[in-house]
Amino acid sequence: MTSKPNLNFDILPTLIGYHLRRAQISFFNDFENSMGGAQITPGQFGVITLIAANPGLTQSALARAVGIERSTMVAVIDVLESRSLVERRPSPVDGRSYALVLSSKGTNMFEQLKPMVLEHEKRVTANLDSEERSQLLRVLSKLTHERH
């Protein structure tokens, strides 16, 4: 086992963004290790979850919900569609857009991954009691709301 170098982190330990990024890396690494080779990212799982809960959602509405550019969402859907997890269907209300639905393969994968994701969340938050977990969700929610 190697010892950690004695580094001066200057202001980093006082920065929320620094701790959020370190936590994100830790969460994402555990997520990847927890998905049993499903080759799914946390972002892709979020997209699949929103499509499963909102069949017929448009790419634009999905991009707004996730907080990314529409062009980035198109690329994410392209990947999921190439893996036969998501289908684009003509929108019944707007001929210029697509309605997104999970394929049967996507639905099966989502149902298999959901308990794995819940177990991952439980594991990575094991050091938090239920009140701390609730408080963390409330605080993070405040940070993700758009500032005007």
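In this predicted model, helix α1 (residues 16–34) packs against helix α5 (residues 104–124) at an angle of about 140°, and their axes lie 10 Å apart; helices here are DSSP runs of H or I of at least four residues, numbered from the N terminus, and axes are lines fitted to C-alpha atoms over the stretch in contact, with angles from 0 to 180 degrees between N-to-C directions. This makes α1 oblique to α5, since angles under 35 degrees count as roughly parallel, over 145 as roughly antiparallel, 65 to 115 as roughly perpendicular and the rest as oblique. The contact (heavy atoms within 4.5 Å) is formed by F27, D30, F31 and S34 of α1 together with M116, V117, H120, E121, R123 and V124 of α5.

The largest pocket has a volume of about 1,400 Å³, a pocket being an open set of points on a 1 Å grid, where a 1.4 Å probe fits, with protein on both sides within 12 Å along at least five of seven lines. Its lining, meaning residues with an atom within 4 Å of a point, comprises 33 residues, of which F27, F28, E121, L137 and L140 lie nearest the centre. Two or more lining residues come from each of α1, α2 (42–53), α3 (59–66), α5 and α6 (130–144), and the largest share, nine residues, comes from α1.

Residues are numbered from 1 along each chain as its sequence is written. Local features need pLDDT of at least 70 and side-chain atom pairs pLDDT 80 or more, whereas totals for chains, interfaces and linings use all residues, and side-chain values use heavy atoms, with hydrogens and water left out.

Notes: Grid points are joined across faces, edges and corners, and a volume is the space filled by probe spheres set on the points.
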